[in-house]
Amino acid sequence: MFEHVEPFAGDPILSLNEDFQKDPRPGKINLSIGIYFDDAGKIPVLDSVRRAEQQVVARNAPKPYLPIEGAANFREQVQALLFGAGHEALAGKRVATIQSVGSSGGLKVGADFIARWLPGSEVWVSDPSWENHRSMFEGAGLAVHSYPYYDAATGALSFDAMCATLHTLRARSVVLIHACCHNPTGVDLTRAQWDTLIPLLAERDLLPYLDLAYQGFGDGIAEDAYAVRALAAARGKDGRPMSFVVANSFSKSMSLYGERCGALSVVCADAKEAVNVLGQLKFTVRRNYSSPPIHGGQLVAAVLGEPALRAAWEEELAAMRERIKAMRKVLHATLKAKMPARDFGYFLSQRGMFSYTGLNPQQVDRLREEFAVYLVRSGRLCIAGLNTGNVEATGLAMAAVLDG
Ligand code: KET
């Protein structure tokens, strides 16, 4: 029956993380997976989340099936977090939001929805992008292409080339864009660039699909939602409110990776459309995993909804963001001291958890084999895995590899 089944080629990120766990070398450094580690090298349990969990556990509540679309209090809080409380799109009930199994689950439900209701639409992802984007949309039966994004020569955004390509796309193509903290490059659009891009998307009748996995890791919670709010305020080609999709995650911002907690929101032109879209998202979910799990969503709802927990969380998120920025500075200084002729300014200008180092796969392999420093083979380095105990060793190992 299964003789013909081929071996799994492995995942460029998760398989590497498994290899790291198996590596017996004591000084090993994990800069591969997109996880925030604290200065002691541990995945933090945020104090705000711990307090929320105590409340949730103390309720001793029964565990029914959640509705297909997830818990109402969670969905409401997510909408306010993304759009800002009282946003016209929310008041007008034109946003269909479901609680999803991580934002990965949301991205895939959205992909299935598009495959069913915009059949034949092509999906365009940035070059490069999170590797799983292509897999998920292709897995939904959609054709995936890439638009220019990162200019390796300058380390900056190829904004003109990006816009030029988007100009040529067929109407109703899906354009997947990282809302902030681009993975893997750390290179984001400026506000002015979003303000140029959005009318282009509208005029060409394209469907923006935002991935917001790192809200709060760039400049702040509201700041990192700029693209969401600007799109929600925009008008489409027909003069009606613009339609778009956004998947967001609490894996990183609340350090809730294994709780698999995210959401998918589809912003529609009016409330009637949103009712139908929500219904079809539910149909997709029901056929896949029926309904989401309870626990993580209730932690998120409590943290976002209770003012004291919310304030504590915002402080903890800011501290994570600032620690990453501090590590960027130390790594930059270490490398600059070793190789003064080389420009490492990208470590300072790139935002979020990742930096794109420009190391080639052979150099990444050397880092792993000789120095037990793990990066993704694309040259992506997770700054959030650096700490005061390993950042210097990382810089020295990188310098050795760059030296040939
Ligand atoms: N989008 C992006 C851009 C992203 O980097 C991740 C995870 C996700 C979505 C998925 O998040 P979640 O809500 O946990 O389903 N990225 C890291 C882990 C992974 O590959 O799964 C990473 O890039 O290392």
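**View 1. Asn60 sits in the loop between helix H2 (47–59) and helix H3 (72–83).** Helices here are DSSP runs of H or I with at least four residues, strands are DSSP runs of E with at least two, and both are numbered from the N terminus. This is a predicted model, in which local features need pLDDT of at least 70, side-chain atom pairs count only at pLDDT 80 or more, and totals for chains, interfaces and linings use all residues. Residues are numbered from 1 along each chain as its sequence is written, while side-chain values use heavy atoms, with hydrogens and water left out. Although Asn60 is not a glycine, its phi is positive, at about 50 degrees. Asn60 counts as exposed because its relative accessibility is 69%, where exposed means over 50% relative accessible area, buried under 20%, and partly exposed in between (1.4 Å probe, protein chains only).

**View 2. Ala372 lies in the loop between helix H15 (361–371) and strand S12 (373–374).** Ala372, a residue other than glycine, has a positive phi near 60 degrees. With a relative accessibility of 4%, Ala372 counts as buried.

**View 3. A cis peptide bond joins Asp127 to Pro128.** The omega angle of this bond is about 0 degrees, and Pro128 is placed in the loop between strand S3 (123–127) and helix H6 (131–139).

**View 4. The peptide bond that runs from Asn183 to Pro184 is cis.** For this bond omega is near 15 degrees, and Pro184 is found in the loop that lies between strand S7 (174–178) and helix H8 (191–203).
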